[in-house]
Amino acid sequence: KNFFKADFSDADIVYMFLSKKVHKKMGKVLARQMKKGARIITHLWPIEGWKAEKVDKSHGQMDVYLYKIL
């Protein structure tokens with residue numbers, strides 16, 4: 001399924017482990033579709049232009065970013 005065309009309006013949490021370029025595009029899609037309070041978790045790449053609520057930079061691991069739709 002094409003995730004750019006998927007409906008995320010009922011999702012409470014979305015986890016993404018995609019390329020850096022795709023995270024930016026998906027961030028725009030999710031911001032439009034997801035309800036306030038919903039969470040987005042990304043692995044390795046942040047969503048460009050967004051401020052993460054929390055970042056886990058555990059030693060020796062890839063970074064994990066937590067975002068909240070406001």
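Modeller: What follows goes through the salt bridges one by one and then turns to the pocket and a surface patch. The model is predicted, and the structure holds 4 salt bridges. As background, side chains of opposite charge can pair when their charged atoms come close.

One of these bridges joins K35 and D12, whose closest N and O atoms are 3.0 Å apart.

Another bridge is formed by the side chains of R39 and E53, at 2.3 Å from N to O. Here too the pair links distant parts of the chain, 14 residues apart, with R39 in strand β2 and E53 in the loop between β2 and β3 (54–56). R39 is partly exposed, its relative accessible area being 26%. E53 is also partly exposed, with a value of 46%.

The side chains of D63 and K57 form a salt bridge too, with an N to O distance of 3.3 Å. The partners fall into separate accessibility classes. D63 has a relative accessible area of 18%, so this residue is buried, since buried means under 20%. K57, by contrast, reaches 58% relative accessibility and counts as exposed.

E53 leads on to the largest pocket, because E53 is among its lining residues along with W50, K51, A52, Y67, K68, I69 and L70. The volume of this pocket is about 160 Å³. Its lining divides into 5 nonpolar and 3 charged residues, with no polar ones. The salt-bridge partner of R39 is thus one of the residues that line the largest pocket.

Apart from the charged pairs, Y15, F17, L44, W45 and M62 make a nonpolar surface patch of about 480 Å². Within this group, F17 is located in the loop between β1 (13–16) and α1 (20–33). F17 has a relative accessible area of 45% and is therefore partly exposed; that value passes the patch criterion of over 30%.

Technical notes:
Residues numbered from 1 in each chain as written. Predicted model: local features only at pLDDT ≥ 70, side-chain atom pairs only at ≥ 80, totals over all residues. Heavy atoms only, no water. Patch = residues over 30% accessible without salt bridge, like charges linked within 9 Å, V, L, I, M, F, W, Y side chains within 5 Å. Areas by Shrake-Rupley, 256 points an atom, 1.4 Å probe, with all protein chains shown as cover. Helix = DSSP H or I, 4+ residues; strand = E, 2+ residues; numbered from the N terminus. Buried < 20%, exposed > 50% of the residue type's maximum accessible area, 1.4 Å probe, protein only. 1 Å grid on protein atoms, 1.4 Å probe; cavity = no way out; pocket = protein on both sides within 12 Å on 5 of 7 lines; lining within 4 Å. Points joined across faces, edges and corners; volume = space filled by probe spheres on them. Nonpolar A, V, L, I, M, F, W, Y, C, P; charged D, E, K, R; others polar.
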